[in-house]
Amino acid sequence: NVPNKSIKKIMSDVNTWIIEPITKFCKDSSYLVKKCTKPDHKEFARIARATGIGFLIMGFIGFFVKIIHIPINNIIVGGM
C-alpha cells in the first residue's frame, strides 16, 4: 500500500511539473497562431520603412564611430 501512495505522489508531481505546463504552452501557442493575422500592405510598408530607417541609423553610428576611431588609433599607435 505504501509504494502505491509514493507512485501516486510521483505521478501527481510529474503531472504538475511536466504535463500541465506543456499542455498550457500548447494551448497558448495555438491561441496565438489563431489570433495572428498577416499585415496588410500599409502596415507592411510602415514596418519596412521603420526597419530601413533603423538600419540607416545604425550604419551611420557605425560609420561615425569608425571615422572617430581611426585618427585616435593612429595617434595612440603612431605616437610610439
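Modeller: Buried means under 20% relative accessible area, exposed over 50%, and partly exposed in between (1.4 Å probe, protein chains only). On that scale Phe63, at 47% relative accessibility, counts as partly exposed, and Phe64 is likewise partly exposed, with a relative accessible area of 48%. This is a predicted model, in which local features need pLDDT of at least 70 and side-chain atom pairs count only at pLDDT 80 or more, while totals for chains, interfaces and linings use all residues. Residues are numbered from 1 along each chain as its sequence is written, and side-chain values use heavy atoms, with hydrogens and water left out.

The structure holds 2 aromatic pairs, where rings of Phe, Tyr and Trp (its six-membered ring) pair if their centres lie within 6.5 Å, and planes under 30 degrees apart count as stacked, over 60 as edge-to-face and the rest as tilted. Phe60 and Phe64 form a stacked pair, at 6.4 Å centre to centre with 25 degrees between the planes; both lie in helix α2, 4 residues apart, or about one turn of the helix. Helix α2 covers residues 41-78, helices being DSSP runs (H or I, at least four residues) numbered from the N terminus. Phe63 and Phe64, by contrast, pair edge-to-face, with 5.5 Å centre to centre and 65 degrees between the planes.

Notes:
Helices (H or I, at least four residues) and strands (E, at least two) are DSSP runs, numbered from the N terminus.
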